[in-house]
Amino acid sequence: MPGGLFNQAVSFALSGAALLALSAALPALFILYVRCSLKARKLRPDLSLGKLETIELQRAVLLYEKALRRREEIHRQRAPLGTGWRAWLRGRVEFWKEFGAELDELDCYARDLRATIMRLRRRPIQRFQSWLHIVSAQSALGRSLCGYCVILTLVIAVSYYLEPLLWAPGASASLGAFEF
């Protein structure tokens, strides 16, 4: 029975509709390969920041350090008013009345600057990962395209080889028809 299953699979693979479907996938693979090749030429595997990115990173780091220094200065101005929890609570309320708005602004500003710093430091790695992804896809598509062409050529050759040749019945005719 395994031979029957194999014969059915081969007869399906060698039918005209299956060959047409297999042939239609070839241009799609080729278009994807060309697209990846063009993208790979545009991208560069650069592991450094550009000139303007470096300037922006330095600016963000300086502003972040300045915001942290100002925050520390504000916290150094906090003086305990006395002992006990009431004095501590009163001192805390007075401190937040005087510096609360500025501390909230500094916290938001420092958070935004930290996000900018992290984004800029992550950018070269993201560029490299993108380049690596495109080059890997190009390589995989190129190899699958070659393999697909080889397999498609073999399937077409086998399908035409297994069809009965048109001149074969004439070649097996006996010479008896030509006797006088």
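Biologist: What makes E102 count as partly exposed?

Modeller: This is a predicted model, and E102 has 31% relative accessibility in it. Buried means under 20%, exposed means over 50%. The value for E102 lies in between, so E102 counts as partly exposed.

Biologist: Why is the pair R70 and E102 called a salt bridge?

Modeller: Their closest N and O atoms are 2.8 Å apart. The cut-off is within 4 Å, for a side-chain nitrogen of Lys or Arg and a carboxyl oxygen of Asp or Glu. The pair therefore qualifies. It links distant parts of the chain: R70 sits in helix α3, E102 in helix α4, 32 residues apart.

Biologist: What makes R70 and E73 a salt bridge?

Modeller: Here the closest N and O atoms are 3.4 Å apart. That is within 4 Å, so the label holds. Both residues lie in helix α3, about one turn of the helix apart.

Biologist: How do you know whether R70 is buried or exposed, or in between?

Modeller: R70 has 26% relative accessibility. Under 20% would be buried and over 50% exposed, so R70 is partly exposed. E73, at 36%, is partly exposed as well.

Biologist: Why is R59 with E56 called a salt bridge?

Modeller: The closest N and O atoms of R59 and E56 are 2.7 Å apart. The limit is 4 Å, so the pair counts. R59 and E56 are three residues apart in helix α3, about one helical turn.

Biologist: How many salt bridges does the structure hold?

Modeller: The structure holds seven.

Key. Residues numbered from 1 in each chain as written. Predicted model: local features only at pLDDT ≥ 70, side-chain atom pairs only at ≥ 80, totals over all residues. Heavy atoms only, no water. Helix = DSSP H or I, 4+ residues; strand = E, 2+ residues; numbered from the N terminus. Buried < 20%, exposed > 50% of the residue type's maximum accessible area, 1.4 Å probe, protein only.
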